[in-house]
Amino acid sequence: MIPHPPIRTYKRRYEVPFSSQSVTMPTVLASVNRHWRNIALSTSTLWSSLVMTLGQVVRVKIGHDERAYTTFLDVQRLAAHIARSRNSSVDILIDTRDPEWDFEDDGEECSTQNAACFPYATFIPQILDLLFPQMYRWRSLTILSDTWAPLRVALERLSVPALIKDSGAPRLETLMLMRCNEFLGHLDTFSPRTQHMFDGIPFAALTGAPHDDISVQSHPLPKLRNLTLVGVHLNWTHFSRYTLGAALHRPLSHVSGCIQSLELSQHCREVRPTFDEFTSILNACPLLRKLVIRVSGPRFDAGVQRSDRPISLPLLEEVHLGYTSVEDAAMLLNHIHAPNLTTLSLEDSNHIASPDEEDSGPLLMYLATGFLDICDVPTERGSGHGAHGYHPATPQEPVVARTAKTPFPRLERLSLTSVVACMIPFSLLMAATPKLRHLSLCRTPNALAALLPTQTPACMRTIPCRALESIEIFCAEEQTGYVLDFVLRQREEGGAPRVSTIDLHLEVCSADGCDEIGGCADIDDEMVGNERTYGEWEWAREERDPFAPGGVFNDPDFDEAYEFLS
C-alpha cells in the first residue's frame, strides 16, 4: 500500500484574480518619497486589492508553556486599503490555504463556534464583518481553502438575506469559491460527513433580496459574469431559481446580463446537481460563453434519457470537460446545443491510482458522428455498462439509415489529455473536424497517427484537418518525435499546408518533477529550419552507462525518494 500519494494528486495551480504578494506594492510606492506618497494616496484604484491570508494570523505565546498560545487577526493592512480605496471597486481575496496542511484534519466537524477543528475558520466572520459595509463596491470575491470549514462559515454568512432592501453587491463581476483538494471529488460521499447539507439561499446577502421575501428579486446580480465553484456545493435548486433566476425562462432577446463563464469542479457524486438541477442552471445562463466541468456535472441517474431538445447555448465558444465516466461525458455533451463552439478540451480525470484505463472511444465517436448508441453508450442511464465496442446495431435491432453529423462543426481548437482509445475513434474525429487549427495532445496515444492521409474506397487520398496550424504534444515516449516527423512529412507529400508551429514537450519523470505534468519535467523542442532539437535531451538513452550518475542503477533522485518512503 502506498503510504501517501504524491501531493500533485490532490492539488492544482488555480488561477486567481491577483497575487496576494502584489498588494504590498502600493505601500512600497508610497514609501519612495513624499511626492510618490502623495500620488499613491490620491490614486484610489491603487489600493483596490483587498487580501487576507494566513500571514495576517498572529500567534502569541502565553506564559512559559511552549504549547500555550493565543491567536488574533491583524487587520491593519486590510483597514488601510479599505479606507484608501475610497469609492473604487475592489477585488477581494481571502486565502486560508496552509502550506503545511497534511490532509489529516479535513474530516473533522466544524462550525462557527468550534475553533478546535480549524482555527482559521473562526476568523472568517471577523473578515466579512469588515468587508460587508463595502459590499456595494465588490467587483470580485475569491475564497480559497484546503478544508471545508472556512468555506462553510463563509457560505453561511454570504447566504444570510439582507435586512435593508436594495443592498447587496451590484458591481460584482467575479465570484470564486475553491476547496483546493482534488482527491475529494473522486469520492462517492461528501467529507466531512455531517457537514454536507447546506439548505440556505446561496449568496442571498450578495443579491440584496429582503429577508422577508427573497422571491421578489428581479435582477439579483446584474454584473455577475464569472462564477467558479471548486469543491463547493450549494442547494442547486435555490441557486438556479434565486441566485441566477433573472434569466431563467426568459427569451434571449430580453436577457441583458447573466453568467458568461461557469465552472463546476471537484464535486463528489453525492453533492452533484441532479440532471434537472443542472439543466436549470444552464437554462439560467443563456449568454454562456465558457463552461468548465471537471469531476462534476449532473448525476445521470436511472431514467435520464438522451435529449431530443438539448439546452440551447448559442454563444457558447469554449468547453473544458474533465470526466471520470465516458458515458456521462457523452450524455452531457448530448444535452448541450452549442453550434458555435470553437474550443473543446477533454481530459480523463480518473484518479491516478485507478486500476483501469477508461476507454474514451465512445466519447470520441459521439463527437465525430453525433450518435450515442453507435458505440454502446446507453441512450437511457442505467440501461447498460461494461466494455465498449465499436460496432453497429445488432441484427435483432432495426437498422435505420442515419447521417453522421458532428455536434460541433465549427471546432477550431482541440485539447486531449490522457484520452485513451483505439485508432478508429481518433480517425473519425479528425475527419469530422475540417476547421481544426490548433491541436494539443497530452499522454494521448493514437491521436497523432490519426492525422495521416487516408485512402477512400474511391481511391482518393484525403487529409484530415487540412487547416491545422499548430500542434502541441506532451509525452514521455522518445519515439514520438519520429512519429511526428513521419506524420508531418506524409501530410506535406499529400498536399496539406505545412503546420507552422510545433511544440514537443518530453516528460522526464523524476522524484522532484513538476507538479503540472504528473511529476515530470519538461524538455521543450524548438523548430530550427526543417530540423527539430529537444534541449539537452539525448535520444540514444539506451547507450548511456547504466552505472553512471543518472543511469538506471545510479539514480540519485530515485534513491532519495526510496529512502524517504522507507
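This is a predicted model: local features need pLDDT of at least 70, side-chain atom pairs count only at pLDDT 80 or more; totals for chains, interfaces and linings use all residues.
Is Phe300 buried or exposed? Phe300 is buried, with a relative accessible area of 3%.

**Around Phe300 and helix 8**

Phe300 pairs with another aromatic ring, that of Phe275. The ring centres are 5.8 Å apart and the planes meet at 40 degrees, so the pair is tilted. Phe275 sits in helix 8, while Phe300 sits in the loop between strand 9 and strand 10, so the pair ties together parts that are 25 residues apart in sequence. Phe275 also counts as buried, at 17% relative accessibility.

Helix 8 covers residues 275-283. Its buried residues are Phe275, Glu277, Phe278, Thr279, Ile281 and Leu282. Several elements cover them, including helix 7 (236-243), strand 8 (261-265) and strand 9. Strand 10, helix 9 (326-334) and strand 12 (336-337) are also part of that cover.

Arg299 belongs to the loop between strand 9 (290-294) and strand 10 (311-312). What does the side chain of Arg299 reach at 2.6 Å? It is the backbone oxygen of Arg272. Arg299 is itself buried, with a relative accessible area of 17%; the cut-off for buried is under 20%. Beyond its neighbours within four places in sequence, Arg299 is in contact with Arg269, Glu270, Arg272, Pro273, Thr274 and Phe275. Phe275 thus links two stories: it is a contact of Arg299 and the ring partner of Phe300.

Cys285 lies in the loop between helix 8 and strand 9. Its relative accessible area is 0%, and Cys285 is buried. Leaving aside neighbours within four places in sequence, Cys285 is in contact with Leu244, Cys258, Ile259 and Leu313. The C-alpha atoms of Cys285 and Ser312 are 9.9 Å apart, although 27 residues separate the two along the chain.

**A pair within helix 7**

The whole structure holds four aromatic pairs. One of them joins Trp236 and Phe239: the centres are 6.1 Å apart and the planes stand at 80 degrees, so this pair is edge-to-face. Trp236 and Phe239 are three residues apart in helix 7, which puts about one helical turn between them. Trp236 is buried at 4% relative accessibility. Phe239 is buried at 1%.

**Overall fold and cores**

The protein has 566 residues, and 47% of them are buried. Its secondary structure comes to 13 helices and 22 strands. Among contacts between residues at least 6 apart in sequence, 78% join residues at least 24 apart. The accessible surface is about 28300 Å², with 52% belonging to carbon and sulfur atoms.

In soluble globular proteins, nonpolar side chains tend to be buried together. Here the largest nonpolar core has 112 residues. Trp138, Phe203, Leu206 and Leu346 have the most contacts inside that core. Helix 5 (residues 148-158) gives the most to the core, with seven residues. Leu346 touches residues that include Leu321, Tyr323, Leu363, Leu364 and Leu367, not counting residues up to four places away in sequence. Its contacts also include Ser415, Leu416, Thr417 and Val419. A second, separate core has eight residues, among them Val51, Leu144, Met178 and Cys180.

**Charged pairs**

A search of the whole structure finds nine salt bridges. Three of them are tabulated here.

| Glu412 | Arg437 | 3.2 Å |

Salt bridges that share partners join Glu412, Arg437 and Glu469 into one network. Where do the members lie? Glu412 is in the loop between helix 10 (361-369) and strand 14 (413-417), and Arg437 is in the loop between helix 11 (423-431) and strand 15 (438-442), so their bridge ties together parts 25 residues apart in sequence. Glu469 lies in the loop between strand 17 (461-462) and strand 18 (470-475), 32 residues from Arg437.

Glu412 is partly exposed at 27% relative accessibility, Arg437 is partly exposed at 28%, and Glu469 is partly exposed at 32%. In the remaining tabulated pair, Glu492 is partly exposed at 35%, whereas Arg498 counts as exposed at 53%.

Definitions and conventions. Residues are numbered from 1 along each chain as its sequence is written. Side-chain values use heavy atoms; hydrogens and water are left out. Helices (H or I, at least four residues) and strands (E, at least two) are DSSP runs, numbered from the N terminus. Buried means under 20% relative accessible area, exposed over 50%, partly exposed in between (1.4 Å probe, protein chains only). Contact means heavy atoms within 4.5 Å. Accessible areas come from the Shrake-Rupley method with a 1.4 Å probe; for residues, only the protein chains shown count as cover. A salt bridge is a side-chain nitrogen of Lys or Arg within 4 Å of a carboxyl oxygen of Asp or Glu. A polar contact is a pair of N or O atoms within 3.5 Å; within protein, one must be able to donate a hydrogen and the other to accept it, and residues adjacent in sequence count only if both atoms are side-chain atoms. A nonpolar core is a set of buried Ala, Val, Leu, Ile, Met, Phe, Trp, Tyr and Cys residues joined through side-chain atoms within 4.5 Å. Rings of Phe, Tyr and Trp (its six-membered ring) pair if their centres lie within 6.5 Å; planes under 30 degrees apart count as stacked, over 60 as edge-to-face and the rest as tilted.
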